[in-house]
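I open this notebook to record what I looked up about how the chains are arranged.

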8 protein chains.
Amino acid sequence: MNKEDIRVILEKVKKGELEVDAAASSLKDLPFKDLGFAKVDNHRSLRNGFPEVIYCEGKSLAEIEGIVKEMLKHENNILASRAEKEVYQRIKEIAPEAVYHERPKMIFIEKQKLKKTKSKILVVSGGTSDIPVAEEAVVTAEALGNSVERLYDVGVAGIHRLLGNLDKLNDAEVIITVAGMEGALASVVGGLVDKPVIAVPTSVGYGANFGGVSALLTMLNSCASGIGVVNIDNGFGAAYLASTINLQIEKARKEG
Amino acid sequence: MNKEDIRVILEKVKKGELEVDAAASSLKDLPFKDLGFAKVDNHRSLRNGFPEVIYCEGKSLAEIEGIVKEMLKHENNILASRAEKEVYQRIKEIAPEAVYHERPKMIFIEKQKLKKTKSKILVVSGGTSDIPVAEEAVVTAEALGNSVERLYDVGVAGIHRLLGNLDKLNDAEVIITVAGMEGALASVVGGLVDKPVIAVPTSVGYGANFGGVSALLTMLNSCASGIGVVNIDNGFGAAYLASTINLQIEKARKEG
Amino acid sequence: MNKEDIRVILEKVKKGELEVDAAASSLKDLPFKDLGFAKVDNHRSLRNGFPEVIYCEGKSLAEIEGIVKEMLKHENNILASRAEKEVYQRIKEIAPEAVYHERPKMIFIEKQKLKKTKSKILVVSGGTSDIPVAEEAVVTAEALGNSVERLYDVGVAGIHRLLGNLDKLNDAEVIITVAGMEGALASVVGGLVDKPVIAVPTSVGYGANFGGVSALLTMLNSCASGIGVVNIDNGFGAAYLASTINLQIEKARKEG
Amino acid sequence: MNKEDIRVILEKVKKGELEVDAAASSLKDLPFKDLGFAKVDNHRSLRNGFPEVIYCEGKSLAEIEGIVKEMLKHENNILASRAEKEVYQRIKEIAPEAVYHERPKMIFIEKQKLKKTKSKILVVSGGTSDIPVAEEAVVTAEALGNSVERLYDVGVAGIHRLLGNLDKLNDAEVIITVAGMEGALASVVGGLVDKPVIAVPTSVGYGANFGGVSALLTMLNSCASGIGVVNIDNGFGAAYLASTINLQIEKARKEG
Amino acid sequence: MNKEDIRVILEKVKKGELEVDAAASSLKDLPFKDLGFAKVDNHRSLRNGFPEVIYCEGKSLAEIEGIVKEMLKHENNILASRAEKEVYQRIKEIAPEAVYHERPKMIFIEKQKLKKTKSKILVVSGGTSDIPVAEEAVVTAEALGNSVERLYDVGVAGIHRLLGNLDKLNDAEVIITVAGMEGALASVVGGLVDKPVIAVPTSVGYGANFGGVSALLTMLNSCASGIGVVNIDNGFGAAYLASTINLQIEKARKEG
Amino acid sequence: MNKEDIRVILEKVKKGELEVDAAASSLKDLPFKDLGFAKVDNHRSLRNGFPEVIYCEGKSLAEIEGIVKEMLKHENNILASRAEKEVYQRIKEIAPEAVYHERPKMIFIEKQKLKKTKSKILVVSGGTSDIPVAEEAVVTAEALGNSVERLYDVGVAGIHRLLGNLDKLNDAEVIITVAGMEGALASVVGGLVDKPVIAVPTSVGYGANFGGVSALLTMLNSCASGIGVVNIDNGFGAAYLASTINLQIEKARKEG
Amino acid sequence: MNKEDIRVILEKVKKGELEVDAAASSLKDLPFKDLGFAKVDNHRSLRNGFPEVIYCEGKSLAEIEGIVKEMLKHENNILASRAEKEVYQRIKEIAPEAVYHERPKMIFIEKQKLKKTKSKILVVSGGTSDIPVAEEAVVTAEALGNSVERLYDVGVAGIHRLLGNLDKLNDAEVIITVAGMEGALASVVGGLVDKPVIAVPTSVGYGANFGGVSALLTMLNSCASGIGVVNIDNGFGAAYLASTINLQIEKARKEG
Amino acid sequence: MNKEDIRVILEKVKKGELEVDAAASSLKDLPFKDLGFAKVDNHRSLRNGFPEVIYCEGKSLAEIEGIVKEMLKHENNILASRAEKEVYQRIKEIAPEAVYHERPKMIFIEKQKLKKTKSKILVVSGGTSDIPVAEEAVVTAEALGNSVERLYDVGVAGIHRLLGNLDKLNDAEVIITVAGMEGALASVVGGLVDKPVIAVPTSVGYGANFGGVSALLTMLNSCASGIGVVNIDNGFGAAYLASTINLQIEKARKEG
């Protein structure tokens with residue numbers, strides 16, 4: 001396609017419809033621009049309604065409002081993360097269809113209805129305090145067009161709750177495990193299934209937990225193979241990775 | 001299937017072919033055993049020849065030899081990681097078909113020819129010193145039945161080399177990036193594609209590199225979304241995760 | 001006992017009182033459920049009134065109230081840790097018998113009077129600032145049914161105070177040492193007695209104390225053998241461990 | 001007893017059998033000496049044959065030989081830890097009854113046959129590489145007079161192996177869990193039982209394992225209550241602590 | 001020049017115009033004083049209007065006001081960093097010409113118009129959240145008399161934006177790169193140009209970012225040669241260093 | 001003296017004036033009590049008016065008031081550290097002679113006029129922000145009876161200010177250096193003098209300063225020999241150590 | 001120039017001398033290739049003989065020999081860093097003109113005589129043990145065409161040696177300071193001059209030096225403005241940065 | 001004295017015996033030179049025979065031999081630290097009077113007999129493994145002219161050994177405590193005496209000891225006031241500091 005664009009320009013030059021100088025100018029930066037657009041196009045082809053994303057932490061209300069206003073000019077859905085309630089209240093004024101997810105502090109503006117995938121992402125979490133991060137993963141994965149299931153409160157200190165839900169583990173194509181404290185959940189899940197497991201350490205805990213470092217190290221050192229780890233509390237990133245996996249699966253299913 | 005086994009026993013009890021006591025005994029631990037076998041079966045159904053794996057570091061020659069001898073009794077392929085040359089020489093005596101991969105220090109014994117996947121895993125690496133870890137990923141991924149491509153020596157300090165190989169990035173279903181020093185390669189690759197990226201920090205570097213911690217943190221904090229990180233120098237784990245992803249894709253392709 | 005349940009089902013199947021399908025279903029997850037109940041039963045048999053526990057930090061007033069209301073439906077005692085005064089005020093409305101322990105910020109609702117153990121847990125602490133954590137251990141251990149003694153303000157910078165209280169050390173079956181700053185108390189106590197010593201580092205201190213890490217490392221590296229360490233400020237965990245020890249002792253005393 | 005000694009001296013002074021000056025001198029440091037002897041006596045009363053212990057790491061062959069020779073003058077058993085094979089060869093020359101435990105690198109000289117306890121310590125370990133540390137715990141606990149059971153190779157990545165051995169967990173009075181990598185074993189065991197659990201992190205692993213720090217943090221942050229942690233690779237310390245617990249239980253059993 | 005001062009004194013002594021004692025006294029500490037003045041003079045010779053600088057963080061309003069009042073007695077420009085808005089409001093009362101730069105929280109009082117350099121400093125930044133630090137660099141560099149260009153929002157996750165602005169990189173004599181998260185921008189820029197690159201890690205990020213440590217390590221370990229790193233968020237220091245470089249270039253240009 | 005007490009008791013026993021039992025009881029814990037009193041007596045003999053000390057951080061107003069009221073019953077001076085202004089206001093009501101030192105947040109109640117030492121402690125500090133810690137050292141050292149001199153604002157970035165004050169360094173018997181940021185002041189001072197230098201790192205700084213760790217490490221690694229380091233911001237401890245040194249010197253001067 | 005290349009192709013297309021397809025192919029990746037060559041050309045224009053560089057650590061003798069052989073085909077000089085003596089011996093066989101610098105372990109093959117710059121880089125170092133790193137900087141800077149001066153053994157513990165050499169500091173355009181232990185040298189030098197200072201922490205030291213981290217933090221937190229820090233022991237990187245600065249100065253001197 | 005030198009020069013200038021130019025030259029750097037000599041002179045005045053010191057670690061045999069040869073030209077004693085036996089063998093050839101201290105790996109060449117101080121330094125150590133560092137302190141302190149006493153093997157796990165030696169603590173003017181593992185010895189000693197205590201953490205230990213960091217933190221956070229800490233294993237530095245204190249005391253004793 002990029003080559004096609006170049007050829008169009010060259011044909012015009014050949015036919016004398018375009019000056020050499022003008023052609024040279026437009027050719028010079030083309031590949032760099034293509035780098036950026038390629039990715040966007042790639043999204044488009046597969047998923048209409050793919051959202052634009054704003055990370056709200058550290059931005060003022062005015063800044064966020066400005067960005068959202070700009071985004072609203074396009075037809076895309078909009079997903080805002082780490083958004084306090086007051087952000088939602090401001091956004092709602094300019095986008096009444098905005099929905100607020102309170103626990104993960106996310107706002108979703110669904111301008112185009114997404115078609116959900118057939119394959120599923122399962123979000124598994126340890127303790128009740130890990131739920132906000134787990135929900136950030138759920139809301140993100142859904143906004144990216146995935147079918148999502150939840151399996152909460154199955155920490156390893158009460159292993160029977162996890163083992164009593166093996167069906168859910170077996171039913172999903174991709175699994176996200178969210179756990180704080182010592183974060184051992186990822187290892188146990190990774191030992192039970194043979195599919196992609198993404199691990200999100202949370203900052204839940206105190207003392208020698210060091211704001212989630214303990215769970216992070218646990219996950220990086222897991223004795224179960226095949227676990228990919230994201231940053232502490234990064235439910236968004238885990239869902240994004242799970243989604244790239246799931247959409248590859250979906251694509252393969254459709255294209256054979 | 002598990003339920004099926006239980007039903008068989010129950011039918012026998014019903015018909016009086018099996019004593020209640022004997023049935024109770026065999027039922028008591030069944031689910032626990034199933035936990036272990038389920039995973040193995042899952043493997044089998046999809047991939048004949050799925051290898052058994054030995055991590056050699058910290059094991060004596062005699063221990064390794066014993067384990068391999070035991071494994072050779074089954075029909076599975078065998079993959080040994082972190083194996084010094086002398087390990088290979090010992091193994092070769094009992095398994096002449098063993099092949100030694102010198103840079104990643106791996107031994108592969110292929111007793112059953114694996115059918116390669118249609119979808120591809122691409123292993124991208126930064127500097128020449130990262131190649132042993134990259135090769136650990138390549139050999140592992142291939143031993144697990146995946147088609148694998150290499151793209152080496154494309155570190156971000158010479159970004160044109162990476163950009164000159166966009167086709168390779170576009171052609172793969174899953175990408176593994178291997179990088180030491182500051183490990184920025186994962187972020188740049190993650191920014192160029194919209195598919196699963198697995199990042200392996202290597203311990204290449206010195207001083208404030210802290211044996212790979214610098215690259216590890218870089219990857220965990222990547223500004224590109226959708227990157228799953230594994231432990232430092234863990235080429236094996238990255239390939240294992242990439243393989244679970246790729247096999248899910250392959251399965252979807254076949255099953256529709 | 002678990003085996004007994006299975007046998008009951010099998011007998012019914014044998015007698016035709018239960019369908020094979022129904023039996024299979026109820027057998028399938030039994031062992032996992034048993035895993036959870038075994039522990040609870042184990043508690044019951046020994047200690048009536050064993051409390052249910054809530055960790056309040058990071059939970060909203062509404063969430064805590066909901067959980068306590070649910071718990072109040074059973075006959076168990078209830079112990080809430082890390083509970084600010086306002087939590088107590090809310091709880092008191094629904095459970096007027098609730099008692100607030102101000103320094104350790106704990107609430108105890110004693111619905112069944114506990115019989116105290118004959119053997120004793122001694123809680124030893126260094127400075128005045130360590131007392132809240134020490135009291136968390138005291139209140140927890142008492143709520144778990146143990147006889148508890150206190151020995152406070154015996155930091156190693158004034159070693160004569162500790163040495164002047166050797167009787168108390170000799171009288172207890174299990175000792176919990178609570179200390180911040182450099183945490184040397186555990187080593188000195190561990191050198192004076194030959195019984196289980198549990199060490200709780202506290203976050204008391206500043207600068208190179210790193211929020212309790214200094215005391216934690218001191219305790220892990222103690223030159224006195226036989227010291228078990230828990231997380232920083234984790235008075236609850238220390239008491240829980242001390243209690244499992246003490247109840248084993250008590251059980252042995254009774255059962256011979 | 002101490003008071004008794006003082007009274008004897010006082011009686012002699014009273015009767016004029018002892019000069020005031022001489023009495024004063026011998027009284028002056030008595031309590032300090034008692035501090036040391038009390039502990040030894042305490043051991044004696046319960047356990048004849050309680051071993052003297054040498055930590056060999058960092059000591060020369062000559063130094064170790066000298067210490068053992070000195071120890072051999074008493075009737076006590078002798079336990080040497082972190083002893084390379086050449087240490088054993090030297091010791092064997094002066095104490096032919098010395099036994100070498102190769103994996104934990106320990107030497108035991110049993111001059112008095114120990115009577116084993118009725119209650120049991122169970123040593124549980126994760127991977128094969130953790131066995132040397134687990135064996136250090138086993139040999140130590142046995143040398144201290146305890147009955148010990150082993151449950152090895154039950155890492156959480158294959159949870160069915162642990163769950164298939166619940167009887168062993170139920171049978172023991174005290175449990176030591178030994179695990180490297182991410183160290184999640186302690187949490188899972190702690191969730192399955194309601195008895196004292198002592199956790200030993202091992203330095204097994206690489207990269208972000210940081211020589212055992214990952215497993216150490218996991219154990220300190222365990223979501224299961226009642227776990228006491230010792231230093232990395234400190235099988236000896238874990239066994240010593242388990243032994244103080246077990247001997248308290250044994251004492252209670254005997255004394256009622 | 002220093003030597004000149006000494007000679008003047010010596011000549012006076014020689015001519016008998018100055019007592020030996022008085023001369024000795026004034027000579028005694030002269031070199032130490034010169035140490036301080038040399039630097040100031042060095043500034044003067046090149047740059048009239050070189051600013052005096054106040055770091056406001058941790059100083060009270062009254063203290064800052066006092067310092068500025070003192071400074072206003074001289075003819076120099078004044079630059080205040082890390083100044084909250086209320087500081088500005090107070091300063092404005094005594095120096096109405098003070099200008100407040102809101103994002104970098106800096107106040108500049110330009111009493112002497114600075115002549116800008118011919119050579120340029122380019123400030124490049126990754127994400128929007130890095131802009132306050134980038135602006136601290138811009139305002140500082142300008143206050144020190146440099147021509148400054150901006151190139152913002154060119155993070156490596158969208159590498160095409162940076163590559164589309166190669167002209168700006170080529171046009172500058174010194175480049176400052178400001179980046180948080182994983183801080184890979186410095187490496188990519190360092191790989192594209194062959195001129196001095198100064199890297200400022202920012203504290204933007206969360207979790208395993210550790211307040212900017214991740215970006216700091218990335219920059220110190222850059223695989224691109226020739227990058228000088230300053231402290232986290234230290235836009236001022238980066239600009240100061242860039243300015244010493246740029247002024248050396250300017251001086252060489254003028255002096256040939 | 002201790003021996004004297006014992007002899008008195010023994011004489012009474014000998015003469016029959018004291019029962020053996022009563023004597024035994026009072027002898028039993030004597031040495032431990034002596035441990036505590038020895039230190040106090042040691043103080044007394046040398047320094048009348050030696051203050052009692054309260055560390056206020058983390059204590060409530062009521063607690064502090066209680067402790068001070070208790071202390072006021074004795075004739076000693078009282079020194080309260082880390083005391084907010086409201087603490088002073090409360091204390092002033094019960095001890096009108098209390099003096100508040102605002103910058104180091106200390107309260108001093110001088111009930112007995114101290115005689116100052118002849119030898120001097122010099123407190124040297126780097127930047128203005130280090131002054132509160134430096135003043136904590138000054139006020140403490142004075143309250144302990146020492147003559148104290150100040151040399152402030154002589155950071156190594158303007159080395160001429162320090163070098164212009166060599167007399168002060170030469171005049172003191174003990175030197176305390178207080179510095180934040182990189183803390184290089186201690187090394188430079190240690191290189192200029194050959195007397196005891198005590199180094200106090202302060203938490204002044206940001207980013208890779210890590211709350212004073214940078215300065216702490218600098219001081220521990222000083223290439224100048226003979227520097228003793230105290231905890232971050234611990235002006236009190238530095239002064240206490242300097243005082244023990246200075247009082248030893250003073251004692252030697254008097255006793256010859 | 002790049003645009004010129006494009007224009008040449010376009011003219012050929014216009015004239016029909018080149019097929020559209022062939023032109024499109026060669027245009028497609030041109031800009032990426034240009035990214036790489038631009039930097040090289042930039043070098044060339046200013047400095048003939050600019051060296052190619054090999055980092056030998058972690059490469060086998062055979063690998064290094066292969067790389068050097070390849071490099072020898074071009075006319076460039078060659079600089080090999082971190083090269084053990086045996087590397088030199090091998091290289092000498094294929095490049096007899098190779099010179100070995102023993103202390104910094106560098107090999108230089110000067111095939112084209114470099115013209116030295118007029119402006120100077122001064123390399124200042126603290127202790128004797130820092131000299132290998134300082135020499136790495138010297139040899140590198142010279143190989144890059146710079147005039148270099150040395151000022152060694154002027155650590156801050158003997159500040160008079162540094163102050164006795166102010167002329168050397170005044171004479172240089174760029175200063176590299178190399179220091180281990182506490183690394184305070186950079187701050188003192190930075191306080192004495194007003195020119196670019198590049199700081200290299202070395203791993204010289206022990207204990208709380210943490211392999212150079214202490215010196216690294218000191219330099220990052222320097223209270224003197226305008227210091228750029230490179231990785232621990234990275235003499236090469238410091239020289240490379242100093243060289244980019246010095247060459248900019250040189251260029252300005254020539255071009256005016 | 002310095003001023004005297006200046007006056008001599010000025011008088012000559014006044015009398016015309018010295019040219020102004022020559023005088024100016026010799027005056028210019030005088031004060032800097034004085035900085036260096038002042039310290040040396042200060043030593044001399046008090047202690048003839050004060051040793052020159054070499055730190056051998058990281059220096060080649062040839063380098064050490066060269067330095068010692070140079071030193072032997074002066075009359076001073078020579079002290080070499082961290083010297084392996086082979087260093088001693090080489091030194092002995094050129095200085096047969098050299099004495100080797102094996103445990104602390106120090107060489108002392110006593111060319112002038114030192115007069116020992118009347119006041120004493122006591123070196124206290126915890127375990128046997130700490131003795132090499134303790135002996136480094138002893139040998140250093142003696143070489144610097146101090147009377148030194150030893151009190152070894154009095155670790156806090158057997159507190160009675162320390163308490164049984166209170167006389168030794170009372171007899172010394174300055175105390176050095178050397179301890180590894182958890183390093184609690186410093187706190188206990190600091191609590192027993194009211195004199196300068198210098199604490200040396202050692203790297204003795206394993207696991208979470210982190211090469212001495214645990215003991216270092218313990219000492220910095222000691223709850224006993226008045227403890228100055230030096231770097232890990234830095235027996236030399238502790239002795240040097242103790243010596244500056246002791247010599248100040250000695251000087252005061254003599255001068256009154």
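I take contact to mean heavy atoms within 4.5 Å. I note that this is a predicted model, in which local features need pLDDT of at least 70, side-chain atom pairs count only at pLDDT 80 or more, and totals for chains, interfaces and linings use all residues. Residues are numbered from 1 along each chain as its sequence is written, chains are lettered from A and ligands numbered from 1 in the order in which they are written, and side-chain values use heavy atoms, with hydrogens and water left out.

**Chains apart.** I looked up chain A and chain F and found no contact joining them; their closest C-alpha atoms lie 14 Å apart. Chain D and chain G do not touch either, with nearest C-alpha atoms 15 Å apart.

**Chains A and B.** I found that chain B is superposed on chain A by a rotation of 180° with 0.0 Å of shift along its axis, at RMSD 0.1 Å (least squares on the C-alpha atoms of residues with pLDDT of at least 70 in both). This is the relation of a two-fold axis. The same surface serves both copies, as 100% of the contact residues of chain B recur in chain A.

I then turned to helix H11 (residues 235-255) of chain F and helix H11 (residues 235-255) of chain H, whose axes come within 7 Å and cross at roughly 25°. Helices here are DSSP runs (H or I, at least four residues), numbered from the N terminus; axes are lines fitted to C-alpha atoms over the stretch in contact, with angles from 0 to 180 degrees between N-to-C directions. H11(F) and H11(H) are therefore roughly parallel to each other (angles under 35 degrees). Among the residues making the contact are Ile245(F), Ile249(F), Ile245(H) and Ile249(H).

Terms used:
Helix = DSSP H or I, 4+ residues; strand = E, 2+ residues; numbered from the N terminus. Parallel < 35°, antiparallel > 145°, perpendicular 65-115°, else oblique.
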